[in-house]
Amino acid sequence: MQIVKVSNPFNLAKSEIFNCLASETTINRLVEIYQINNGNTPFICLVNGNPVLRAEWNSLKIRSNDHIAFIHLLQGGGGGGSNPLRVVGMVALVVATVASYGAASVAWGTVWGATVAAGVSIGGGMLINALVPPPKPTLNGTSYTVSSQSPTYSLQAQGNQARLGNPIPVIYGRHLIYPDFASQPYYEYIDNEQYVYQLHCIGQGEYDIEKIMIEDTPISSFKEITYEILPPNTKNTMFAEDVVTSTEISGQELLKDEIIGPFILNPSETTVSKIGIDVAFQRGLYYANDNGSMSDKSVTWKVEARKIDDEDNVLGEWFVLGQETFSSNSHNAIYKTYNYDVENARYEVRATRLDEKDTSSRAGHEIRWTSAKGFINAEHEYGNVTMIALKMQATNNLSQRSSRLLNCVVTRKLPQWTPEKGWSEPVPTNSIAWALADVLKAEYGAKLDDSRIDLDTLLYLDGIWQNRGDTFNAVFDSKLTVFEALSRIAKCGRAVAFLQGGIVRFVRDEPKTIPVALFSPRNIIKNSLSIQYIMPSEDTADSVTVEYFSDKTWKTTEITGVLPESTSENTATVELFGCTNKEQALREALYMAAANRYRRRIVSFMTELDGLIPTYGDLVAITHDMPSWGQGGEVIQKDGNKLTLSEPVTFSDDSVHYIALRKANGQLSGPYVVTSGNLENEVILEETPNFEIYTGTSRERTHFAFGPADKWATMARIIGIKPRTNTVEITAVIEDERVHLN
């Protein structure tokens, strides 16, 4: 006999296997010999796959050809926190027969692992969805560190900023954004007025810009702002955008014969073709006469520069950038900018005053060096990126703080596909389907060609999503994988993306009525069927709260979906990234709650190459006598509409009975209404099927499934297909139409 000791049902690779030569013994004797209870943890015993109660452990005789499995149940640790025993106790296995350790591996490993992956403990409740896993508990789908928060989804980080080292944002649908700086803003003074120049990056691709605002005020209210929207592959001609400002120069006072500097102007491996010098007369420039009038005062200063290399070594002598004199009789602050053209090189700069400062109380005669700017000599090609260039005059109407609160409401433009015309020109859309296609086709995505994408299914799903009002509106501004991006987008449409045969395909969790395949005892490998019942526990959620980013307030809000007869004692909270609509959020909350309540049976079985007919999410019909899912077999003879079956079938009461037939390609035909024949294995079809019912011997005969209405088979959705040499392991979740009511 073979004995398997499973100390950790979540790690079968570390199980112990023993071969016992005894011809007859008891379970208690085996426990003693092989020290099964050495860890003092609860364990169960399966004999040939069937659980045996402890009351029988001393009386049931174990024979030499039996297979014994001892499975330890994990205990919770650490004083009342998570209790794995409670999780394990949620699962009750009903195994038709288990003939080997390998079959036990299927029951405890593959199916159990699939269920754990489908269940997520979120916000105080356990939430399970076997077909479309619940969203991960992350911050609005983002993964930002403290130093790199999203300006879109973080209230603390809202505002314009230069997020160096972060990806250029990709926006789908309609959304409010605070665009990042594409280059550092800089200031200059014209006629004693301060102007700030900002270049913002909206995101990759093309956008329809609905609104541009400064905080909550439309930009049209600020007459001092001029701007230009730069579509992809367009150059900015409003101002020089690559300007560096020396951080060391910050308002030092210039005095006669005192040299301020030198300060390095531009970074290594850059050259500038123009240098800008800003000076300020913060107390004004004047002399107060006895009669109260103001006389002119003048200041003369000099700014010098010299070339340096990338290692800061001096390459030449100092030369005068400019020697300036300025006169005024104003007691108001005065700011001036002086620009000087230079040869393309790297520079350091210094400055000094050439005249004596009048220190009398009647004079305003102070000059301060406020900044030095270098205009880097470079040609910029931003490529497929939409930008906004702004020139803003500083006034009482526009403060320094508000100048960094530029925000826009934009809608992404994406091409749409049809088989007749191919891809269209980009149009504004919040379609889930074409966002998925863009992730797969774009340079910032998977870079796949059309042959690698299931475009027909996307077109079909786009029609469904548009009719339902399901959309995706979100900003991706952190690094993540293509598959994670696909997963987040698809979840808004109750769908899943998966790779099959080198093609990215999609399936939506929606009602399906026609099974693509029939599985019965004739094509289910003997002793391989197992059913897993995921029993509710005190942690199981009975309602779902969806957090979403509202398109009315542009803030995170929430809505709770409560099913009839729910107590709402346990509410799972999930964040549905990309959902901005209240009605859509409520539908998805009710859907998740329904899937959590009604889909709690997982069936697993082995079959031959029939298992390659369905794919993920497909509806299949399963007939099996063990769980009383109809009756199945083969058609062995056909005489007109009279079928002779390989198995006797039972007609009960006055119910209408049906028979479904499997075609040669594995697809299902029917079900057809039948009446009883003269023999127990004879039925009469009320209509003639439109395909050949094969009863010969050169290939498999036509399979059948029989029973009353809705009981001739059970319907299940495929959630796992694993080829195993000449066999295929299938995992499916039993379907329930109540999941699709919303």
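Colleague: Which residue of β14 does Glu-188 stand opposite?

Modeller: Tyr-195 in β14 stands opposite Glu-188. Please keep in mind that this is a predicted model.

Colleague: What makes β13 and β14 a pair?

Modeller: Pairing needs at least two bridges between the strands. Strand β13 (residues 180-190) and strand β14 (residues 193-204) are joined by eight bridges, so they count as a pair. The two strands run antiparallel. Their hairpin has two residues between the strands, and Asp-191 takes a positive phi near 55° there.

Colleague: Why is the contact of Glu-210 with Arg-174 called a salt bridge?

Modeller: The cut-off is 4 Å between a side-chain nitrogen of Lys or Arg and a carboxyl oxygen of Asp or Glu. In this pair the closest N and O atoms are 2.8 Å apart, so Glu-210 and Arg-174 form a salt bridge.

Colleague: Which parts does the salt bridge of Glu-253 and Lys-357 tie together?

Modeller: The side chains of Glu-253 and Lys-357 meet at 2.8 Å, N to O. Glu-253 lies in strand β19 (residues 252-253), and Lys-357 lies in the loop between β26 (334-353) and β27 (363-365), so this pair ties together parts that are 104 residues apart in sequence. Lys-357 is partly exposed, with a relative accessible area of 25%.

Colleague: Why is Glu-729 called buried?

Modeller: Its relative accessible area is 1%, and the cut-off is under 20%, so Glu-729 counts as buried. Glu-729 forms a salt bridge with Arg-724, whose closest N and O atoms are 2.6 Å apart. Arg-724, at 36% relative accessibility, is partly exposed.

Colleague: How many salt bridges are there by this rule?

Modeller: The count comes to 43. Some are linked in a network, made of Arg-468, Asp-470, Arg-494, Arg-587 and Glu-588.

Colleague: What makes you say that helix α4 is mostly covered?

Modeller: Nine of the ten residues of α4 (residues 432-441) are buried. Among them are Ile-432, Trp-434, Leu-436, Asp-438 and Leu-440. At the start of α4, a side-chain oxygen of Ser-431 reaches to within 3.1 Å of the backbone nitrogen of Ala-433. The cut-off for a polar contact is 3.5 Å.

Colleague: Which residues does Ile-489 touch?

Modeller: Not counting residues up to four places away in sequence, Ile-489 touches Tyr-172, Ile-432, Ala-435, Leu-436, Val-439, Phe-472 and Phe-476. Ile-489 is one of the residues that touch the most other members of the largest nonpolar core, which has 64 residues. Another core lies apart from it, with 30 residues, among them Ile-277, Leu-321, Val-342 and Ile-367.

Colleague: And the whole chain: how many helices and strands are there?

Modeller: The protein chain has seven helices and 51 strands. Of its 742 residues, 51% count as buried. The accessible surface comes to about 34,100 Å², and 48% of that belongs to carbon and sulfur atoms.

Key:
Residues numbered from 1 in each chain as written. Predicted model: local features only at pLDDT ≥ 70, side-chain atom pairs only at ≥ 80, totals over all residues. Heavy atoms only, no water. Helix = DSSP H or I, 4+ residues; strand = E, 2+ residues; numbered from the N terminus. Buried < 20%, exposed > 50% of the residue type's maximum accessible area, 1.4 Å probe, protein only. Polar contact = N/O pair within 3.5 Å; in protein donor to acceptor, adjacent residues only side chain to side chain. Areas by Shrake-Rupley, 256 points an atom, 1.4 Å probe, with all protein chains shown as cover. Core = buried A, V, L, I, M, F, W, Y, C linked by side-chain atoms within 4.5 Å. Contact = heavy atoms within 4.5 Å.
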